[in-house]
Amino acid sequence: MRHADQVALALRALRHIDEGTSERGAPSRSPRARYLDPARFERERACIVREHPVAVAPAAMLAQPGETLALDVAGLPLLLTRDADGTLNAFVNACRHRGARLADPGASVRRAVVCPYHSWTYGLDGALRGRPHEADFPHAPASECALARVPVAQALGLVWVVPRPVRPGEAPLDITTRLGRFADDLRGFGYDGWVPFFERRFECAANWKLPFEGNLETYHFQYAHRTTIAELFFDNLTIADHDGPHHRLFLPKRSIVRLREQPRASWDLSRHANIIYCFFPCTFVLHEGDHANLFTVLPEAVDRCTVIGVTLVPEPPATEKAERHWRRNVESFWGALDEDFALAASIQSTLASGAQDDLLLGASEWCAARFHEDVERRLD
């Protein structure tokens with residue numbers, strides 16, 4: 001992020017602190033059908049999640065030729081590869097013969113991908129290289145049996161995919177345009193060269209949109225996080241900017257008032273604020289100065305989502321002291337986030353009770369309301 005932008009954000013925050021205010025929008029209601037309707041859920045997954053880039057893995061996991069990673073993304077069995085030419089590829093993890101999965105979930109190093117059913121063999125570029133009894137398939141030439149490609153790109157130390165097969169004539173994924181101007185902030189911090197320190201994958205018993213609501217407001221900090229991070233932050237103070245459907249939330253810590261004692265040319269927000277980037281529809285990046293915690297929320301069912309989390313650091317820890325430092329940061333982050341995901345599951349468990357037709361979003365929860373507006377716009 002440019003220094004001028006950091007100064008501007010800090011000044012906005014200090015003005016609100018002096019005036020005892022925060023940035024707010026219009027109060028709204030969120031119908032409970034958004035979280036319970038299976039047909040709507042399928043529309044969301046098809047029209048939104050499978051039409052936008054989502055971060056699915058650290059790029060460093062696929063840094064060298066021969067490295068592969070199999071995982072499921074929003075119902076799509078996915079196979080990522082780095083081929084001999086160094087090209088990053090993404091394919092549907094399904095043999096073009098009878099559809100068997102080619103690789104079990106997880107990372108590996110290999111020269112080729114071999115189907116366990118009939119030994120059809122594919123190069124890491126997706127081309128069919130061989131199959132037993134070739135003459136039995138005059139109706140399916142090898143040139144027409146390459147693996148089904150998935151749009152993929154690398155940016156900000158991450159692999160991004162649009163989780164669906166590539167369409168005929170579709171241009172390569174332009175990740176720079178799709179992520180918008182907030183990605184420039186992260187490039188400026190050096191993300192393209194950062195490496196993973198910690199990874200986590202788990203399921204949450206909640207509709208995929210509920211974790212977004214909780215991470216797009218700070219109204220809950222003093223209550224839900226009273227024993228973890230609440231004391232670090234001002235109550236219900238959020239500074240928000242938007243670029244299309246993407247969000248940047250600036251969360252000033254109480255220590256930000258110390259900047260008044262320093263010349264503006266030396267202001268550095270890394271110690272005095274958290275900055276959340278929400279790349280629509282599914283990926284959060286929490287910038288914490290010297291490292292970042294990221295997670296992507298993937299819809300699995302109307303009442304269930306999968307979370308893929310990773311901590312990126314500038315370089316692998318070289319000492320035990322560095323290891324302990326990053327480990328403490330990971331524990332602090334997930335200590336608070338686990339509280340958020342538990343509350344999302346708690347909300348989901350009550351929605352079918354009939355106690356209310358709508359969930360209420362107050363004026364300070366306006367970014368969550370804006371997220372829902374972006375979802376509705378794309379469904380329409």
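User: How much space lies in the largest pocket?

Analyst: Happy to start there. This is a predicted model, where local features need pLDDT of at least 70, side-chain atom pairs count only at pLDDT 80 or more, and totals for chains, interfaces and linings use all residues. Residues are numbered from 1 along each chain as its sequence is written, and side-chain values use heavy atoms, leaving out hydrogens and water. On a 1 Å grid over the protein atoms alone, a pocket is an open set of points with protein on both sides within 12 Å along at least five of seven lines, while a cavity is a set where a 1.4 Å probe fits but cannot get out. With volume taken as the space filled by probe spheres set on the points, the largest pocket holds about 530 Å³.

User: Which element gives the most to the lining of the largest pocket?

Analyst: Lining residues have an atom within 4 Å of a point, and of the 34 here, F233, N274, L286, E288 and S332 are the closest to the centre. Two or more residues come from each of β15 (273-279), β16 (283-287), β17 and α8 (320-351). Helices (H or I, at least four residues) and strands (E, at least two) are DSSP runs, numbered from the N terminus. With 8 residues, the top contributor is α8.

User: Which element supplies the largest share of the lining of the largest cavity?

Analyst: The count comes to 1 cavity of 30 Å³ or more, with about 60 Å³ of space in the largest cavity. β2, β17 (292-301) and β18 (304-313) each supply at least two residues of its lining. The largest share, 4 residues, comes from β2.

User: Why is one side of β2 left without a neighbour in the sheet?

Analyst: Strands pair if DSSP finds at least two bridges between them, and this open sheet of 3 strands has the order β2-β11-β10, with antiparallel pairing. β2 (54-58) and β10 (152-155) stand at the edges, so one side of each lacks a neighbour, as each has a single partner strand. For β2, 4 bridges make the join to that partner, β11 (residues 158-161).

User: Is W366 buried or exposed?

Analyst: W366 sits in helix α9 (residues 366-379). Leaving aside neighbours within four places in sequence, W366 is in contact (heavy atoms within 4.5 Å) with E23, R24, G25, A240 and H242. Buried means under 20% relative accessible area, exposed over 50%, and partly exposed in between (1.4 Å probe, protein chains only). At 18%, W366 is buried.
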